[in-house]
Structure formats: C-alpha cells, structure tokens
Amino acid sequence: MDLGIKGKVALVTASSSGMGRNIALALAAEGAHVVLFARSADKLQAVCREIEERHGVPATAVAGSLTEAADITRLAGVLAGLSGPDIAVIVTGRPPNPLRDALEENELPRWDEAYQVQLRSVVQLVNGVVPAMVAKGWGRIVAVTSASAKQPMAKHALSTVFRAGVTAYMKTLANELGAHGVTVNCVAPALIDTSHRTGAAAYTPEQTARRQAMTPLGRMGTQDELSGVVAFLTSMQAGFVTGSTIAVEGGMVGSLF
Ligand SMILES: NC(=O)c1ccc[n+]([C@@H]2O[C@H](COP(=O)([O-])OP(=O)(O)OC[C@H]3O[C@@H](n4cnc5c(N)ncnc54)[C@H](OP(=O)(O)O)[C@@H]3O)[C@@H](O)[C@H]2O)c1
C-alpha cells in the first residue's frame, strides 16, 4: 500500500537510536524527507547515511535537545527552510533510571527530570514546529506514549503520569487542529524489543522473560511492528483517524476498550 507521503517533510524526534531511528527509516522507505532530531550529532549523521543508502531519499540531521528552547527554535528554522514539517512524530527520551516503585519515587529531581523530558519537551516542540502545519492546512502529528498510560505498569509511575499528560494534550490538540486539516494521534507501546540498548538500560534475560509472559503472544514486539503503525497514522489513508490512541502492546492491556 502506498501511504501517499512521498516528498512530505517528516520530523522524527529522539531519532538517533531505537524507536525514533526505526520510525525515521520507515517514513524514508515511503519516500518522505526525514528530519532527524536528537542530541548525538554523530549518531544522527549515521542514521542519515543509512537512510540515503537504503532508501535513496535525502535526510536532514539537526543535533539538539528537546528540553532546550534555543534548539527547538533552530529546528523550526531548518524545517521552515524545507517548507516543513508536514509530519511530526514525537518520541521522547526514557524516564530516569533506575525504574522504581511509586513510593520509592520520593526524589523530586527525578519527577522534575521526567516532566522536562516527557511532557514539557512535547509542549515546547509543538509550540515551535506545529504552527507551520496549521499555516499549510495539512499535517500529521503522532506522539509515542506508553501503554502504561492506560494500564499502569510496575515501576513506571514517572512514565505513566507524564505520558497520561501527553495523551490528554494530544487529545486537546486534535480537537483544535482538526479544522486546520491536521490529525493528532498517539501510539502507546509496551514490550517492544529493546535489544539495541546497552548498559543500565538493557534488560536482563529475566526481565525480558517476564515481559514476554505479559502478552498473549508470548514474545516482545519488533521495532518494525511499532514503526509500521506509526507510519500508517502519518498516511493519507489515516486522514479520518484523529484524537485516538493506538495500542501496540501485544494484547498486554486486559480491558475491552
Ligand atoms: N520499548 C518499549 O516497549 C517502550 C514502551 C513504552 C514507551 N517507550 C518509550 O519509547 C521511547 C523510545 O524508547 P527507545 O527504546 O527507542 O529508547 P532509546 O533507544 O534509549 O532512545 C532514546 C532516544 O531519545 C533521545 N533523547 C533522549 N533525550 C533527548 C533529548 N533531551 N532531546 C532529544 N533527544 C533525546 C536519544 O538520543 P540522544 O541521546 O542522541 O539525544 C535516543 O535517540 C522512550 O521514551 C521509552 O521510554 C518504550
């Protein structure tokens, strides 16, 4: 299926590794001109090269932090120079490590950090780059949140609280931006393969086995299974989907709706 986004300018944040990188590759495979944004300039350049080699489309790297206003202003300038963005896929950094039980989350600096990285950064990004979509009268915004915003997961209080906030913010934006031709949705993952992570962020075999047992499918989801759903929400065919959260968690959440 042709998603109809060839030539569209697609911003993907937190795209130097992991989900962001894979989503960027998926949109480039559809012919989009991807603008990558994260802090590590060298990793972004490597993803740009990979996109150009694998998909033969240009990609643009902007090194900066989602939490820095000046970096978002600079990003907006680059996007404006490309007549974009048409598409914004908003991925953020991970919550503070190590993950803890809610009662052990008693250090306010960790709450401050999670707020800055996972909610405030999203508001700042939207304010910086989305008015261009409104001016064009067409756009697709997809925020990657977490299944924990629907069914809180053990040791995920920081992620749950602020991703619930992102979900509410996206729903509000969907109501306001529909009249401007812009759709706004969330993709809520859990149990997606993180074997690319190293150090303290890498799961132990026991942690992986525990996660695999949380879904009826008995396995982790692949990065392609996540990025395919995100890519669909950026497509022409998804034009009547807005204000929704699509779960990509292998059936982990037990509720009917
Ligand atoms: N795996 C799952 O099942 C799952 C489920 C729910 C939610 N999530 C969430 O999905 C997101 C992506 O996960 P992942 O596995 O892809 O993580 P990852 O591989 O660690 O990648 C995180 C990305 O965020 C970027 N980043 C971090 N802080 C940033 C900042 N201030 N400004 C710009 N970019 C920043 C990093 O790049 P730089 O270091 O270069 O800046 C990196 O590219 C995370 O928020 C994670 O919590 C994952």
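Predicted model: local features only at pLDDT ≥ 70, side-chain atom pairs only at ≥ 80, totals over all residues.
Helix H3 covers residues 69-81. The helix has 13 residues and spans 19 Å from its first C-alpha to its last, close to the 18 Å expected at 1.5 Å a residue. Four residues of H3, namely Asp71, Ile72, Leu75 and Leu79, are buried. Viewed down the helix axis, the buried residues of H3 fall within an arc of 95°, so they line one face of the helix. That side packs against several elements: the buried residues of H3 are in contact with strand E1 (9-13), strand E2 (33-38), strand E3 (59-63) and H4. On the face turned away from the buried side, H3 carries the exposed residues Ala70, Thr73, Ala80 and Gly81. After H3 comes Ser83, with a positive phi near 60°.

Trp111 and Phe162 make an edge-to-face pair, with 6.1 Å from centre to centre and 70° between the planes. An angle over 60 degrees counts as edge-to-face, so the 70° of this pair places it in that class. The pair links distant parts of the chain, since Trp111 belongs to helix H4 (residues 108-129) and Phe162 to helix H6 (residues 157-177), 51 residues apart. Trp111 is partly exposed, its relative accessible area being 23%. Phe162, in contrast, is buried, at a relative accessible area of 11%; the limit for buried is under 20%.

Phe162 also pairs with Tyr115. Here the rings are tilted, 6.0 Å centre to centre and 45° between the planes. This pair too links distant parts of the chain: Tyr115 lies in helix H4 and Phe162 in helix H6, 47 residues apart. Tyr115 is partly exposed, with a relative accessible area of 35%. Through these ring pairs, Trp111, Tyr115 and Phe162 are linked into a cluster. Phe162, the buried residue, is a partner in the edge-to-face pair and in the tilted pair.

Lys8 lies over the face of Trp138, 4.1 Å from the ring centre. Likewise, the charged end of Arg211 sits over the ring of Tyr203, at 3.9 Å from the centre of that ring.

Definitions and conventions:
Residues numbered from 1 in each chain as written. Heavy atoms only, no water. Phe/Tyr/Trp six-rings, centres within 6.5 Å; stacked < 30°, edge-to-face > 60°. Helix = DSSP H or I, 4+ residues; strand = E, 2+ residues; numbered from the N terminus. Buried < 20%, exposed > 50% of the residue type's maximum accessible area, 1.4 Å probe, protein only. Lys NZ or Arg CZ within 6 Å of the ring centre and 35° of its normal. Expected span 1.5 Å × (residues − 1). Arc of directions from axis to C-beta. Contact = heavy atoms within 4.5 Å.
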